[in-house]
Amino acid sequence: MPPTPRPPRWYAIPVRVLLVTFIGTLISFAVSLLLGILGTVVVSSRRGVHPNMTVAYRLIALPAAVVAGSIIFVLALTMEIRHYRQSKTL
């Protein structure tokens with residue numbers, strides 16, 4: 001006889017949503033920073049000047065991570081609530 005599944009717990013939703021949001025924001029920050037650094041180096045080498053890496057942090061990576069984090073938060077919250085409601089009815 002298979003074991004019976006635990007009933008869903010609502011207080012686990014915020015923990016999972018915040019964890020997924022935090023990890024997704026870190027990953028998007030890292031990827032956008034890499035692309036920002038590469039873009040800054042390419043543009044500065046074409047212009048013949050030294051690259052200003054603060055541009056990659058402040059103007060590219062941080063806003064991209066904030067936008068991606070917001071989207072990830074909303075999507076994770078929606079999916080967790082949907083999963084909770086579905087498992088509650090079953």
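Helix H2 supplies the largest share of the lining of the largest pocket, 3 residues. Helices here are DSSP runs of H or I with at least four residues, strands are E runs of at least two, and both are numbered from the N terminus. This is a predicted model, in which local features need pLDDT of at least 70 and side-chain atom pairs count only at pLDDT 80 or more, while totals for chains, interfaces and linings use all residues. Residues are numbered from 1 along each chain as its sequence is written, and side-chain values use heavy atoms, with hydrogens and water left out.

**The largest pocket**

- The volume of the largest pocket is about 190 Å³, where a volume is the space filled by probe spheres set on grid points that are joined across faces, edges and corners.
- A pocket, on a 1 Å grid over the protein atoms alone, is an open set of points where a 1.4 Å probe fits, with protein on both sides within 12 Å along at least five of seven lines; lining residues have an atom within 4 Å of a point.
- Its lining is made up of Arg-6, Pro-7, Pro-8, Arg-9, Ala-12, Arg-16, His-83, Tyr-84 and Ser-87.
- Helix H1 (12–47) and helix H2 (53–89) each bring at least two residues to this lining.
- Sorted by class, the lining holds 4 nonpolar, 2 polar and 3 charged residues; Ala, Val, Leu, Ile, Met, Phe, Trp, Tyr, Cys and Pro count as nonpolar, Asp, Glu, Lys and Arg as charged, and the others, Gly among them, as polar.

**The salt bridge**

- The count comes to 1 salt bridge, defined as a side-chain nitrogen of Lys or Arg within 4 Å of a carboxyl oxygen of Asp or Glu.
- Glu-80 and Arg-16 form a salt bridge through their side chains, at 2.8 Å from N to O.
- This pair ties together distant parts of the chain, with Glu-80 in helix H2 and Arg-16 in helix H1, 64 residues apart.
- Glu-80 is buried at 19% relative accessible area, whereas Arg-16 is partly exposed at 36%; buried means under 20%, exposed over 50%, and partly exposed in between, with a 1.4 Å probe and protein chains only.
- Leaving aside residues up to four places away in sequence, Glu-80 touches Ile-13, Arg-16 and Val-17, a contact being heavy atoms within 4.5 Å.

**The chain as a whole**

- You will find 2 helices and 0 strands in the protein chain.
- The radius of gyration is 20 Å, well over the 12 Å that the globule rule gives for 90 residues, so the chain is more spread out than a compact globule; the radius is taken over C-alpha atoms, and the rule is 2.2 Å times the number of residues to the power 0.38.
- Along the principal axes, the C-alpha atoms fill a box of roughly 70 × 25 × 15 Å.
- Of the 90 residues, 19% count as buried.
- Of the contacts between residues at least 6 apart in sequence, 74% join residues at least 24 apart.

**Two more residues to look at**

- Leu-77 lies in helix H2 and is partly exposed, with a relative accessible area of 31%.
- Not counting residues up to four places away in sequence, Leu-77 touches Ile-13 and Val-17.
- Between the C-alpha atoms of Leu-77 and Thr-40, 37 residues apart along the chain, the separation is 35 Å.
- Val-42 sits in helix H1 and counts as partly exposed at 48% relative accessibility.
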